[in-house]
Amino acid sequence: MKPTGHSFIYIPSNHSGMWDGLRDSIVDVIRRNVEGKRIGIACSGGLDSGLVSAIAKEYAESVTLYTCGTANAFDVAMAKDLSKKLDLPFVHVQISKGVIEDLIKEMVTATGVSDPFTISYELQLFSVCKECKENIILTGQGADEFFMGCAKYVGQSEEEFELLKNAGVERLLNVSVPCEQEIAKYFRKTLIYPYLDKNVLNEVKKIDPEALVPKDMDSRKQVLKDVAIDLGYGFLAERKKKSSQYGSGTTDLIRAIARDRGVGYANLIAIFYDEVVYGKKQLERGAVVNARIDPIIKLKAEKILMEQGLSPSDAIENFYREVIEKHEKG
């Protein structure tokens, strides 16, 4: 790093460090996309968006952090702290029980998405894009999937780890990113994904998989933490993070409205979706079953169902029919 007044210009290292290629590719993709521009950051205050923010600051004309959350949300507190440490302006995109229904309905209109999990996870980006003054928004999306940031990756066998990792990447690329691109299109924004850049992913492929597998909760995303430390942002490696739907308070707000209406979480989203798409609740819509099962069992079973041409809904309905038949037979 070469000092230039109050900032610096990053000079790629000539020595053969363990993650030099990865570090340089992350810096390069951010530099190419932000240099001389006004940039917004979808910021949760954690390592992923924090590192993107820190690097962007060195090249962009301006960088503003945008964080969606309730008044007392974990992400908001973390992002405020990060803004002070990086000396960057911060905008709190506040959500509350009074606005969440309208936000969800507008998101359904913009994206056509009906999946409750996707809505709860992507509503934060939707809110940020709605409020962001800048046309270009950087996001830390993809770091969890490619640097193993999720708690579910810890303590798994090699087979189960691969299954979870592949499922996570598949959902990211086939569900999350397409939804986010629809959000960006709706608000006429450009989303930049540094951790999904082809050069960055090529460097990730060169890393020994063993270095990416977390041995415990503290070693999640250790490679990315090392990159942050190498770039001089060691404090980012120590930052804690919650999933966005929980860290922002979104899930709690939706659950509170569902309780008020006497329906389940998924049923509430289905009602909102029907009101947007059909103008009213569809009586013929199938009932929603809420269930939590082991993620490994879920993935293995759904793979078998797919091979048999069955959906999870088909399988659950068939199981319920069997329960009824066995009961009637005594």
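**Notes on the α1/α8 packing and a few other spots**

1. Start with where α1 and α8 touch: G21, L22, S25, I26, V29 and R32 on the α1 side meet N199, V200, E203 and V204 on the α8 side. Keep in mind that this is a predicted model. Helix α1 covers residues 20-34 and helix α8 covers residues 198-206, and their axes sit 8 Å apart at an angle of about 170 degrees. Anything over 145 degrees counts as roughly antiparallel, so that is the label for α1 and α8.

2. Now the chain as a whole. It has 15 helices and 7 strands. Of its 330 residues, 47% count as buried.

3. F147 is worth a click. You'll find F147 in the loop between α6 (143-146) and α7 (158-187). Is F147 buried or exposed? Its relative accessible area is 1%, and under 20% counts as buried, so F147 is buried. Leaving out residues up to four places away in sequence, F147 touches L22, Y195, V204, L212, R220, K221, V223 and L224. Two of those names come up in point 1 as well: L22 in α1 and V204 in α8. As for L212, F147 is 65 residues away from it in sequence, yet the C-alpha to C-alpha distance is 6.1 Å.

4. K221 is in the loop between α9 (209-212) and α10 (222-230). With 10% relative accessibility, K221 counts as buried.

5. D87 also has a positive phi, about 55 degrees, although it is not a glycine. This residue is in the loop between α3 (74-86) and β5 (90-94). What is the relative accessible area of D87? The value is 61%, and the cut-off for exposed is over 50%, so D87 is exposed.

6. I316 is found in α15, the helix made of residues 312-329. At 37% relative accessible area, I316 is partly exposed.

Conventions: Residues numbered from 1 in each chain as written. Predicted model: local features only at pLDDT ≥ 70, side-chain atom pairs only at ≥ 80, totals over all residues. Heavy atoms only, no water. Helix = DSSP H or I, 4+ residues; strand = E, 2+ residues; numbered from the N terminus. Buried < 20%, exposed > 50% of the residue type's maximum accessible area, 1.4 Å probe, protein only. Axes fitted to C-alpha atoms, helices over the stretch in contact; angles between N-to-C directions. Parallel < 35°, antiparallel > 145°, perpendicular 65-115°, else oblique. Contact = heavy atoms within 4.5 Å.
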